Amino acid sequence: MLGEVLQWQYPADAVLSHWFRAHKNAGLRDRGEIAEAVFDVLRHLRRYRQFAESGQGAATRRLAILGLASVWSRDILDTGLEEHEKPWLDHVQAFDLSNLSPAVRHSVPEWLESQLMALPDAEALLRALNQPAPLDLRINPFKTDRDTVLQAWAQGPESKWPAQPTPYSPWGMRIQGRPPINRWRSFERGEIEVQDEGSQLLAALVGPKRGEMVIDYCAGAGGKTLLLGALMRSTGRLYAFDVSAARLARAKPRFARSGLSNIVPVVIADKNDQRVKRLRGKAHRVLVDAPCSGLGTLRRNPDLKWRQHAETLAQLLVTQAAILEDAAACVRPGGRLVYASCSLLPQENEQQVQAFLEKHPDFVLLDASTVLADRGIQLPLDGPMLQLRPDVHGTDGFFAAVMQRNKPDVAEPGDTEDEPAPE
């Protein structure tokens, strides 16, 4: 199974799910340990491959041994090892990692090495990205509040997984471990959703109000859409755009559980979509959570750093710029545009925003920390854009820039502030 994961044809979690369906005799604990071992190999693959060169036999087996060594105690692991593998593992586990280069020590792929190592406090960041992430949940503010949920959990079966309020998001809760939340009553009632705290803060930057027209331009599975709709109190109109009908179909059960009635899912074309054109200059708020390398989510998806390549990144940069152009056209004068990504790379983040602002002087950059403070969220930032890191903020790596479209000095003929949203 590890060999199939390392072919990079499919995401690691999809390969694991397929394997578990084919091996239904594996118990819940076994599945958890197998998944942890596979993800450990993915986090440390470059270093493990270097270690594996010194052993005998199939390299994939040696990689699997190193992954299992992170899950099982040595006495349990030894029962399945051949005699020549035990001294090899002793040697590997005693190796002084400080003798390795930082890129090998933290398993940064060669194509990405110079870029990640150039970031501030790179080693602290890479150490954090190689640690498993906690589980972040979010309450549905349309149905409940965080204190109510936490108090109910303290009295129920959920108490086995103590939850703590997230430090920044007023809607978030953090849990260590992997509880069966899809069986919890609060999940079935649509009172909670899985969503990283950094992703939750994007909704605060959009700052939707009741009765507005809002567009989630790359809605995906709908996590941010749900929070935006709840903050709008199920009023106005919230368009969930995505080019993938399958992603929006997966989001529909979540929309139904949420109790929201203001969400309009729309499958759009890659280019020149007529439904998008009809909304030009109409939306009060537009969120662009752009398709990106996903490097900020390596704690949860460590295979991404091996499945991406320099050529893929170059294509993504073109796609991001095109999507930002199309989405910006939908923003009405005085409206707000939020560009976001879950990447750590400047070329996907601030460089995209700077290039857009140079081309569109009718948009101005707002200070993200001020926007958050307006919603009661205190998060000091080094600059006007949001930059979240797991080693600093405890979230996935997230970026966001908040822009506002200037109103013209003289309204053009036919322009009205209260133009209704099209059906």
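The questions and answers below concern a predicted model.

Q: Why is D242 called buried?
A: Buried means under 20% relative accessible area, and D242 has a relative accessible area of 5%, so it is classed as buried. D242 lies in strand β6, which covers residues 237–242. Leaving aside neighbours within four places in sequence, D242 is in contact with Y217, C218, A219, G220, R247, L248, V266, V267 and I268.

Q: How do you know that D242 and S244 make a polar contact?
A: A polar contact needs a pair of N or O atoms within 3.5 Å, one able to donate a hydrogen and the other to accept it. The backbone nitrogen of S244 lies 2.9 Å from a polar atom of the D242 side chain, so the distance falls within that cut-off.

Q: Why is H360 called buried, and where is it found?
A: The cut-off for buried is under 20% relative accessible area, and H360 has a value of 17%, so it is buried. H360 is found in the loop between α19 (350–359) and β10 (363–366). The C-alpha atoms of H360 and R405 are separated by 9.3 Å, although these residues are 45 residues apart along the chain.

Q: What makes strand β8 largely enclosed by the rest of the structure?
A: Six of the seven residues of β8 (residues 283–289) are buried, and therefore the strand is largely enclosed.

Q: How do you know that β8 pairs with β5 and with β9?
A: Two strands pair if there are at least two bridges between them. Strand β5 (residues 213–216) and β8 are joined in the parallel sense over three bridges, with I215 standing opposite V286 in β8. Strand β9 (residues 331–341) pairs with β8, also in the parallel sense, over six bridges, and V331 in β9 is the bridge partner of A283.

Q: Why are β2 and β4 called edge strands?
A: The open sheet of four strands has the order β2-β3-β1-β4, with antiparallel pairing. Strands β2 (163–165) and β4 (192–194) each pair on one side only, and that is what makes them the edge strands. The twist averages 35° from one strand to the next. Three bridges join β2 to the antiparallel strand β3 (residues 172–175), and P165 stands opposite M173 in β3.

Q: What makes a set of residues a nonpolar core, and which residues have the most contacts inside the largest one?
A: The residues must be buried, of nonpolar core types such as Ala, Val or Leu, and joined through side-chain atoms within 4.5 Å. The largest such core has 50 residues, and those with the most contacts inside it are L137, W153, M173, I192, L205 and L386. Helix α13 (residues 197–206) gives the largest share of this core, six residues. Not counting residues up to four places away in sequence, L205 touches R336, V338, A368, V371, L372, L386, A400 and V402. A second, separate core of 29 residues includes C218, A328, Y339 and V353.

Definitions and conventions. Residues are numbered from 1 along each chain as its sequence is written. This is a predicted model: local features need pLDDT of at least 70, side-chain atom pairs count only at pLDDT 80 or more; totals for chains, interfaces and linings use all residues. Side-chain values use heavy atoms; hydrogens and water are left out. Helices (H or I, at least four residues) and strands (E, at least two) are DSSP runs, numbered from the N terminus. Axes are lines fitted to C-alpha atoms, for helices over the stretch in contact, and angles run from 0 to 180 degrees between N-to-C directions. Buried means under 20% relative accessible area, exposed over 50%, partly exposed in between (1.4 Å probe, protein chains only). Contact means heavy atoms within 4.5 Å.
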